[in-house]
Amino acid sequence: MTARIERLVTSGQFTLDGGTWDVDNNVWIVGDDHEAVVIDAAHDADAIAEAVGDRRLTAIVCTHAHNDHIDAAPALAERTGATIWLHRDDLPLWKRTHPGREPDAWLVDGQVIEAAGADLKVLHTPGHAPGAVCLYDQGLATVFTGDTLFQGGPGATGRSYSHFPTIIDSIRDRLLTLPAETKVLTGHGDPTTIGAEAPHLQEWIARGH
């Protein structure tokens, strides 16, 4: 049975470098009727648990460790027994939000996180954050990009731990190589496709270095 993808939008605040902004986050739930994986447990553990329902939640995968993507992860893990996954390079960011609780497991480039009917391949895509990852499922023709790529261009790189040339390299080398029809499901805002973004991204790449 093919996995299905559900989107839950939660609202809260993003805080970094002394500033705070109101944000809406996409929480992605991938799985079937029995088992699921959550990508980015943002803001509201109760709402996410309700959306998962009586399915077994096996993993909470963090695309990066900005607070708005991880703030509900420990509470959701405690409630469901799910494993929290993060790339080790984002541990310093994680500790700003959860100083007393480390992730349960480390994401490694190229590994595959299995959910019911889904195989989410980890693509390390630093730039927005050092440990930022995207999750690509060839069978679903979908890549979950967190805050690395949005409709209209790359994620923000104006704050601590981010670097514009690095995110441009990540997008060029890891994302633009995916098939044009690949759906891009982002950390905030509306979906797009690799093909739709490629023409704009060539302009970003041209000014990326």
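What covers the buried residues of helix 3? I opened my notebook with that one.

**Ground rules.** I am working with a predicted model, where local features need pLDDT of at least 70 and side-chain atom pairs count only at pLDDT 80 or more, while totals for chains, interfaces and linings use all residues. I number residues from 1 along each chain as its sequence is written, and side-chain values use heavy atoms, with hydrogens and water left out.

**Helix 3.** I took helices (H or I, at least four residues) and strands (E, at least two) as DSSP runs, numbered from the N terminus. The cover I found includes strand 3, helix 1, strand 4, helix 2 (67-70), strand 5 and helix 4 (91-97). Ala-73, Pro-74, Leu-76 and Ala-77 are the buried residues of helix 3 (buried is under 20% relative accessible area, exposed over 50%, partly exposed in between, with a 1.4 Å probe and protein chains only). They sit on the same side of helix 3 because they cover an arc of only 165° around the axis, taken from the directions from the helix axis to the C-beta atoms. On the other side I noted Glu-78 and Arg-79 as exposed. Just after helix 3, I found Gly-81 with a positive phi of about 80°.

I then looked up the strands: 6 of them form an open sheet in the order 1-2-3-4-5-6, with mixed pairing (two strands pair if DSSP finds at least two bridges between them). Strand 1 (4-16) and strand 6 (105-107) stand at the edges with a single partner strand each, so one side of each lacks a neighbour in the sheet. Strand 3 (residues 35-39) and strand 4 (residues 56-61) pair in the parallel sense over 5 bridges. I also noted that Ile-39 has Val-61 in strand 4 as its bridge partner.

Key. Contact = heavy atoms within 4.5 Å.
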